[in-house]
Amino acid sequence: MPDPIETINTMMNKINHLTILFFSLLVQVTLGQNAPVTMVPEVTCGIGEQINIPVTVIDFINIGALSLTLNFDEAVLDYQSFSNNSNFPGLLIFEQLPGKIVVSGLNPYGNPGITLDDNAVLFTLNFYCLGGATSLWWNDLGGTCEYADDQYNPLNDSPTCSFYKNGSVNYITINLAVKAYLEGPFTGGQMSSQLNDLNIIPTSQPYASAPWYFGCPSGVAGIPASAVDWILVELRCSPEGPAFATSDKKVAENLGFIMTDGTIRQTDGLHNLQFSVPTIDDLYIVIYHRNHVSVMASVSLSVISGVGAYDFSNDEFSVWGGNSAHVQLSPGFWGMAAGDSNGDGYINSSDKNDMIDLTIGLKGYLQTDVNFDSQVNNMDKNDFWAKNLGFYSKVP
């Protein structure tokens, strides 16, 4: 009489049910042999990308059956397909539920167990990335993650964390080199660091309140040398182009310092800003300053190997809106217009009546000190506010 297991092996729709049944009945029977170590990696992807998640194994020796359950965030990943890289017999997706995949495999009874090289790819899961980040975690509830030898005896896999290594899908990290100038402190091809030299720049950032509401980081231990002021940089994603890169398209923002040479650095004053984003395509950079008119890049950011760069200062066309969106500081230098003392994107009577007139004669780190000489006086009003009256941000 043929072995019943061999008979069932000819019926692929029953093999996987049998695998689960073995584990549910024998889960408490444990031999001295350990189960393989099963791993998913940490990977990065962007919106709309196809992503392949290889599941690799170590100590995969004499295996006869397996059942594995992997969880993920269904809002981030959409499961597409599966590849049996190792050719493990009967290996297929036994069940696919929202946010959960159950993989099952059964080697025919009496056949030699399957052995794979260390770090071999057992199978690959293929997803469509909807954007965002998610953990990839094994759901080990006894038989939900289990291996058996060639006699179908369950193998030791406790503690779980030693045998099932979780991974993740993360946002893409961009290292961004940005250059811009502020009109107020600009002189002789660079910007003045007078506020920093006078130890006036606060260690707490000025963008936590309206209209910016940027919360983190809140401050630093010290202000870097050559820092001119705090600056806020935002990334917006707009496949339709810059005209449609509205505030609801914001995908990331970060805070740093603008330096005397126009480069924008992390709060350490040394490194470029970094952003975690769901895509590297169709990104537009927006720069905010507390008393200068905000600007947006006129073309999308080019990112190669995780690195992007953009210069707002080299010509009138670098900014969305051209010469109506930023001002020429001197031949070959363009910068953000000074005089928006309340940060609302407009240089108008409110900046004078509600801001400058109320602080005239005061000294310190003040939004109305648009030329950064540490005091509010007629130079701020006449040389910048009056000159730029009517100027407004072209950021959509």
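**Aromatic contacts**

Let me start with a cluster: Phe60, Phe88 and Tyr147 form one aromatic cluster. This is a predicted model, so local features need pLDDT of at least 70 and side-chain atom pairs count only at pLDDT 80 or more, while totals for chains, interfaces and linings use all residues. Residues are numbered from 1 along each chain as its sequence is written, and side-chain values use heavy atoms, with hydrogens and water left out.

On the pair criterion: rings of Phe, Tyr and Trp (its six-membered ring) pair if their centres lie within 6.5 Å, and planes under 30 degrees apart count as stacked, over 60 as edge-to-face and the rest as tilted. The search over the whole structure returns 14 aromatic pairs. One of them is phenylalanine 60 with tyrosine 147, edge-to-face, at 5.8 Å centre to centre and 90° between the planes. Phenylalanine 60 is in the loop between β3 and β4 (63-71) and tyrosine 147 is in strand β10, so this pair ties together parts that are 87 residues apart in sequence. Element names come from DSSP runs, numbered from the N terminus: helices are H or I with at least four residues, strands are E with at least two. Phenylalanine 60 and tyrosine 147 are both buried; buried means under 20% relative accessible area, exposed over 50%, and partly exposed in between, with a 1.4 Å probe and protein chains only.

A second pair is tyrosine 310 with phenylalanine 312: the ring centres are 4.9 Å apart and the planes are at 65°, so the pair is edge-to-face. Tyrosine 310 and phenylalanine 312 are buried too.

There are also charges over rings, which here requires NZ of Lys or CZ of Arg within 6 Å of the ring centre and within 35 degrees of the ring normal. Arginine 290 has its charged end over the ring of phenylalanine 372, 5.5 Å from the centre. Lysine 394 lies over the face of tyrosine 392, 3.8 Å from the ring centre.

**The sheet**

In what order do the five strands of the open sheet run? The order is β5-β8-β3-β1-β11, and the pairing is mixed. The edges are β5 (77-83) and β11 (164-165), each of which pairs on one side only. Two strands count as paired if DSSP finds at least two bridges between them.

Strand β1 (residues 37-39) runs antiparallel to strand β3 (residues 50-58), joined by three bridges. Along that pairing, valine 37 stands opposite isoleucine 58, and methionine 39 stands opposite threonine 56. β3 is also antiparallel to strand β8 (residues 120-129), with eight bridges between them. There, isoleucine 51 has phenylalanine 127 of β8 as its bridge partner.

**The pocket and the hairpin**

Now the largest pocket. The grid is 1 Å over the protein atoms alone; a pocket is an open set of points with protein on both sides within 12 Å along at least five of seven lines, a cavity is a set where a 1.4 Å probe fits but cannot get out, and lining residues have an atom within 4 Å of a point. Its volume is about 380 Å³, taken as the space filled by probe spheres set on the points, with points joined across faces, edges and corners.

The lining of the largest pocket has 21 residues, and Pro211, Arg236, Tyr288, Ser294 and Gly343 lie nearest the centre. The elements giving two or more residues to this lining are β16 (227-237), β17 (250-259), β20 (283-289) and β21 (292-296).

β20 and β21 form a hairpin with two residues between them. The two strands run antiparallel with three bridges, and histidine 289 stands opposite histidine 292. Five of the five residues of β21 are buried, so β21 is largely enclosed by the rest of the structure.

**Backbone exceptions**

Most residues other than glycine have a negative phi, and most peptide bonds are trans. What is the peptide bond from alanine 210 to proline 211, cis or trans? That bond is cis, with omega near 0°, and proline 211 sits in the loop between α4 (194-197) and β16. Serine 158 and proline 159 are also joined by a cis peptide bond, with omega about 5°.

For phi, serine 226 has a positive value near 70°, and this residue is partly exposed at 38% relative accessible area. Serine 305 has a positive phi of about 55° and is exposed at 76%.
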